[in-house]
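Please find below a colleague's note on the structure under discussion.

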Amino acid sequence: MQPIFEIKGIPLSSLILMDTQEEAKAFPRGDLQLVVCTECGFIFNMSFRPEVVDYTLPYESSQDFSPRFRQFKQELIDHLINSYDIKGKEVLEIGCGDASFLEALCHQADAKGFGIDPTFDPTRLSADAAVSGIQDFYNVTHVDLTADLICCRHTLEHVQPVGEFVDLVRQSAVRTTGSVVFFEIPDTDRILEEGAFWDVYYEHCSYFTLPSLANLFRSRGFEVLRLKKGYDDQYLLIDSVVSSPNPDFDKSKVRTVVDRSERFRDAAATAIRGWSDLIAMAADSGRTVALWGASSKAVAFLASVDVEDSISVAVDINPFKQNKYLPGSGLPVIGPETLPTVAPDLVIVMNPIYVPEIRQTLDDLELHPEIHALGVDNQ
């Protein structure tokens, strides 16, 4: 196990927003120590303690308020419907969250959906949604759940025993002949290349690249039908079906991951210094700084740059996040319509894919701040 990156005192959750600033600043913290396995290329947080992360607390992760994300979501739904003939069939989503993806997929496929998630909330569904679900973690007691399509989006990175988890999914899949299993997770290749320390969170205990994700699924008895990057290379997408276990993998690709992991350490340190200097100089000159995106990225960014006192607000278009506070920093979250009262001179965008729509919103508000975006301006 080769060390890559370490953060002391990072918030234990980056998705749970607080009602008061005092609660947010007192949010519990933990230590993060990323390591890479030089044999298989798997990256994980060696200091992760699953018992301290409470996934039963309400969290807000919806991205559906962004036109760009809705476009990606529609493209993904079209692919799953057209590629795997799920019209009129059954869909299971493990870690469904608010079930908005499951509802949209089932509506367009005229399919029946079932979701499982500790925070599943049926009140977030439309009255005519062909979707039901349960509030629980997917575990060995739920392998009787099965479907023609099994989806698991942005859940595997929260799982420590990833091999055991994929084994359970296989037990669910074998109960339906021809069941297709689709996973979507963050792409760690991009994190390594960009030195993207803002995409490293405590509750993300497992990190995958294309080779390590393929290795996991093949070794656990799946045939990979499609493996690619999506959403501007921010996500990994894998389609698979049950097959025989294949323990063989390409070690040359593993070496590439290990080499990138070694470079990440220096790239992250350089990026942290660069962003800290930019914000400090802006504050010293009396300029107002705002973050755009009250997201996990913002929580991780603030935990590393340690300049939250120089930042006024975090802006987010999701109304469920507004008038709350980011865990750790206690930064207040406002909606774009409130931003003119802040009149920022510098806006730091947490996700560069949203820059065009953010710039349009700022123009509509007759605000013209300097704009910088993570992953672009640190290159």
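Predicted model: local features only at pLDDT ≥ 70, side-chain atom pairs only at ≥ 80, totals over all residues.

1. The largest cavity has a volume of about 40 Å³.

2. Lining of the cavity. Which residues line the largest cavity? The lining is made up of Glu157, Ile185, Pro186, Thr188, His204, Ser206, Tyr207 and Phe208. Strand S8 (180–186) and strand S9 (206–207) each contribute at least two residues to this lining. Sorted by class, the lining holds four nonpolar, three polar and one charged residues.

3. Nonpolar surface patch. On the surface, a nonpolar patch is formed by Phe65, Ile317 and Phe320. Together these residues have about 240 Å² of accessible area.

4. Phenylalanine 320. This member of the patch lies in the loop between strand S13 (313–315) and strand S14 (333–334).

5. Isoleucine 238. Strand S11 (residues 235–242) contains isoleucine 238. With a relative accessible area of 0%, isoleucine 238 is under the 20% cut-off and is therefore classed as buried.

6. A distance from isoleucine 238. In sequence, isoleucine 238 and proline 336 are 98 residues apart. In space, the C-alpha to C-alpha separation of isoleucine 238 and proline 336 is 35 Å.

Technical notes
Residues numbered from 1 in each chain as written. Heavy atoms only, no water. 1 Å grid on protein atoms, 1.4 Å probe; cavity = no way out; pocket = protein on both sides within 12 Å on 5 of 7 lines; lining within 4 Å. Points joined across faces, edges and corners; volume = space filled by probe spheres on them. Helix = DSSP H or I, 4+ residues; strand = E, 2+ residues; numbered from the N terminus. Nonpolar A, V, L, I, M, F, W, Y, C, P; charged D, E, K, R; others polar. Patch = residues over 30% accessible without salt bridge, like charges linked within 9 Å, V, L, I, M, F, W, Y side chains within 5 Å. Areas by Shrake-Rupley, 256 points an atom, 1.4 Å probe, with all protein chains shown as cover. Salt bridge = Lys/Arg side-chain N within 4 Å of Asp/Glu carboxyl O. Buried < 20%, exposed > 50% of the residue type's maximum accessible area, 1.4 Å probe, protein only.
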